[in-house]
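Please read them with the structure open.

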Amino acid sequence: MALTDAGIRKLRGQKQRYEKHDKNGLYLVIQPSGAKSWALRYRRPNGKPAKLTLGPLDLSDQEPEGTPVIGAPLSLLSARALATEQSRQRARGVDIAAKHIADKRRKIQAIEDAADRTFPALARRFIDDYAKPKTRSWRDTARLLGLAYPPDGGIPTVIKNGLADRWRDRDVATLNDSDLYTVVDEARRTGVPGLKRRRDSVSDTMGRALAAALSRFFSWQVEHRQITVNPAVGMFKPDAPEARDRVLSPSELRWFWTGCEAVGNPFAPVLKLLLLTGCRRDEVADMTRAELSEDGTTWTIPGARTKNGREHVVHLSPLAREIIAAAPRIEGKPGFLFTTNGKTPLSGWSKCKTRLDAAMLVATKKADATIPPWRLHDIRRTVATVMHEDLDIDPHVVEAVLNHVSGAKAGIAGTYNKAKYAAERRAALNAWARYILLLLDADLFNAHRKHLAHGDDSDQEQVRENFRVSIREGGERWARYLAFVSGKPNVV
């Protein structure tokens, strides 16, 4: 007997599961809990009996729009219509069970594919496949995109309220130029999403950083056929600042050194080594014991940690070696020389710079002077400028000291000149360390400057040349020069 709506409503669960048949192989399954669902018995094209579950019973008395589908709640009317359609498919020779399984697998695959195309999933692929193996600052890029990687570079976590969190369900193909403008403008006005804001004022630097990260991310997606249109093309990007030309004066360098003492460990040795080596901040801050030679005279920075991707050998002056040897040691597996926990390099540079500026300000008050705004990276420019202009060190040697690649150092010439400049780099950094020790003694440095200004132009040039040769040669000749300008020529 065919089923009716009224009869179906009266059916109750029993101790065991049971069935109530309708027609054309359609039947209702009643579970002990009282739950009811539709199923269909039929024969496959090979003649073997089979069963297909159609979906749960729908008693809402509201027929849904559209054609009934397998898996959706079904009324008696919808179940019969779906069973009739399945019978029509069988009549055409379709194996409806195999088709249903294939359709289900396609849906699951579509869901998985959609998950693989979300912003967080592709951001991680971009970092793991491109940024991590090919860029130094991949961790910073990951944070800008909303991912925080552990120190060992393992599985990242999603930063709360970061881009990966904000766009966690967005297919990258749905992100447009308006989405990108919104987050870049937000980064410059209120900070990068999910990251702690560094200052209260507008920061074009953070806006440019996020714009650059998004631009490379979407270009990579186009290259790897994840998207066909790059929404970052023509994207708003805050203007770059004018090129800086700030060079610290001898007095400012002296106040800087005094300020380092006030800041104290673990930042003081890093700051002093920035001045003595001309290296970049993170190159010094991330120094490991394994990068130092056995005798401590050289420090080799691997290409993975340099801006140009080239290994850089830094010759350490005696003063630099003293600073490294005196730095407090905290043991840890990575072997960082400058660390607070043995696991990660130093952080908190904004606060460090604030403390350094305050300490330098104390020194300027004693000298009744002021210090124009400056950045830590200006030290690198200062090293290059003074080495060339005051110590008369050749430009190509200065570039080698700073690991710049241009002109004669580029390409094949750079490969062959690498060893050639080793002696010149060593002499330049030793001379630079002598200069720093000279300017730290304010009275002696003032006497030196008066000595350089003595006589007419021809005399001054001869005096300057004597100074340059003496400071580069070092040893007894440098000692005689210092003794002479101090007014104690008979000391040596």
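At what angle do helix 14 and helix 17 pack, and how far apart are their axes?

1. This is a predicted model. In it, helix 14 (residues 378-389) packs on helix 17 (residues 422-440) at about 95 degrees, and the axes lie 11 Å apart. Angles from 65 to 115 degrees count as roughly perpendicular, so helix 14 is roughly perpendicular to helix 17.

2. On the helix 14 side, the contact involves Thr 382, Val 383, Val 386 and Met 387; they meet Ala 428, Leu 429, Trp 432 and Tyr 435 of helix 17. By residue type this contact has 7 nonpolar, 1 polar and no charged.

3. Helix 17 also meets helix 10 (residues 267-277): their axes come within 9 Å and cross at roughly 120 degrees. That angle makes helix 10 oblique to helix 17. Leu 275, Leu 276 and Thr 277 of helix 10 touch Leu 429, Trp 432, Ala 433 and Ile 436 of helix 17.

4. Helix 7 (residues 177-190) has 14 residues and spans 20 Å between its first and last C-alpha, close to the 20 Å expected at 1.5 Å a residue. At its start, a side-chain oxygen of Asn 176 comes to within 3.0 Å of the backbone nitrogen of Ser 178. Just after the helix, Gly 191 has a positive phi of about 110 degrees.

5. Which residues of helix 7 are buried? They are Asp 179, Leu 180, Val 183, Val 184, Asp 185, Ala 187 and Arg 188. The buried residues of helix 7 pack against helix 6 (163-166) and helix 8 (204-223).

Terms used
Residues numbered from 1 in each chain as written. Predicted model: local features only at pLDDT ≥ 70, side-chain atom pairs only at ≥ 80, totals over all residues. Heavy atoms only, no water. Helix = DSSP H or I, 4+ residues; strand = E, 2+ residues; numbered from the N terminus. Expected span 1.5 Å × (residues − 1). Buried < 20%, exposed > 50% of the residue type's maximum accessible area, 1.4 Å probe, protein only. Contact = heavy atoms within 4.5 Å. Polar contact = N/O pair within 3.5 Å; in protein donor to acceptor, adjacent residues only side chain to side chain. Axes fitted to C-alpha atoms, helices over the stretch in contact; angles between N-to-C directions. Parallel < 35°, antiparallel > 145°, perpendicular 65-115°, else oblique. Nonpolar A, V, L, I, M, F, W, Y, C, P; charged D, E, K, R; others polar.
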